[in-house]
Amino acid sequence: MQNTSHILMIRPVSFGYNAETAVNNSFQVNTGNLPETAAKAILEFDAFVDILRDNGVDVLVYQDTKDPHTPDSIFPNNWISFHEDGIICQFPMFAENRRKERNSAVIQLVKEKFKVKEQLDFTYFEAENLYNEGTGSMVLDRDNKIAYACLSPRTAIKPLQAFCKEMQYKAVCFNAFGENGNPIYHTNVMMCVADRYVVICLDAITNPQEKLMVAECINGTGKKIIPISISQMNCFAGNMLQVANNKGGKILVMSHQAYESLYDEQADELESFNPILYASLNTIETNGGGSARCMMAEVFLPELNG
């Protein structure tokens, strides 16, 4: 099952620019950690949750706390993932202050609604300075058990392979670069795997053999490639997520900036597969360097009352 109607989101309390992550996240812009930055982020978050719920998506919200200080807690998909077979995975993260986001209270909240059979902890790789930041580092084709991953300081082969071995995924690794020549920090800013299509910035894969390999892998799954440009990727057009709703329909979720960057032909093609849903996330995108997909941790666990 490629998508779910159950989403975990973390409502921020101290959102702001994180200098520890900015060293390799070129999407971040330091606007100054003013009180209004955190307040605007909360408004954007609440409006986003309302939009999702109004469209039949089940959103489980955890209210973050001031202590410990976690400016990026709004992006939970980097430290935790939830899988159909009742497995929870926790991941090694590059920034030391982001490791404080790992929170047993979040897991307990999820356990109140869903069945958990096993918890896998890959955080021991932090001792080796090796990282694999969840479904930021990996974009999962859950139907075909493929983990797409562009290698970067946030995504190393060894912890990626450890996840793939435990979860029986095939790793498809490649290198991808932004217009500044720096490695793209997370795969989920350049590609989105849906049930019948893949949105991807192939232009960011500069090695012709790697580009061909990735395209052939996608084509081999029978999914349609919908390419985006590097400028569109910079507007977070790759940071989309297809979710389900409570009526069994599919929705493609993105930010308003991402939607506005699409050509009419691209939007029409995407809407031929599913409706598009978008929300204004400008403050979160600018200061956090992440967008709609980063804010949503999909919950594929079996429901307790299911």
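I began with Pro68, which I found in the loop between strand E2 (58–63) and strand E3 (80–82). This is a predicted model, and I read it as such. The peptide bond that joins Asp67 and Pro68 is cis, with omega at about 5 degrees.

Next I looked up positive phi values. Asn129 is not a glycine, yet its phi is near 60 degrees. I placed Asn129 in the loop that runs between strand E5 (118–121) and helix H4 (134–137). Is Asn129 buried or exposed? Its relative accessible area is 57%, so I noted Asn129 as exposed.

Phe236 went into my notes too: its phi is positive, about 70 degrees, and this residue is no glycine either. Phe236 sits in the loop between helix H7 (230–234) and strand E12 (241–244). Its relative accessibility is 3%, and buried means under 20%, so I wrote Phe236 down as buried.

Then I turned to the cavities. How many of 30 Å³ or more does the structure hold? I noted two. The largest cavity has about 140 Å³ of space. I listed 17 residues in its lining, and Val139, Leu140, Val193, Leu241 and Arg293 are the ones nearest its centre. Strand E6 (139–141), strand E9 (191–193) and E12 are the elements that each give two or more residues to this lining. Which element gives the largest share? I found that to be E9, with three residues.

My last entry is on residue classes: the lining of the largest cavity has nine nonpolar residues, five polar and three charged.

Definitions and conventions
Residues numbered from 1 in each chain as written. Predicted model: local features only at pLDDT ≥ 70, side-chain atom pairs only at ≥ 80, totals over all residues. Heavy atoms only, no water. Helix = DSSP H or I, 4+ residues; strand = E, 2+ residues; numbered from the N terminus. Buried < 20%, exposed > 50% of the residue type's maximum accessible area, 1.4 Å probe, protein only. 1 Å grid on protein atoms, 1.4 Å probe; cavity = no way out; pocket = protein on both sides within 12 Å on 5 of 7 lines; lining within 4 Å. Points joined across faces, edges and corners; volume = space filled by probe spheres on them. Nonpolar A, V, L, I, M, F, W, Y, C, P; charged D, E, K, R; others polar.
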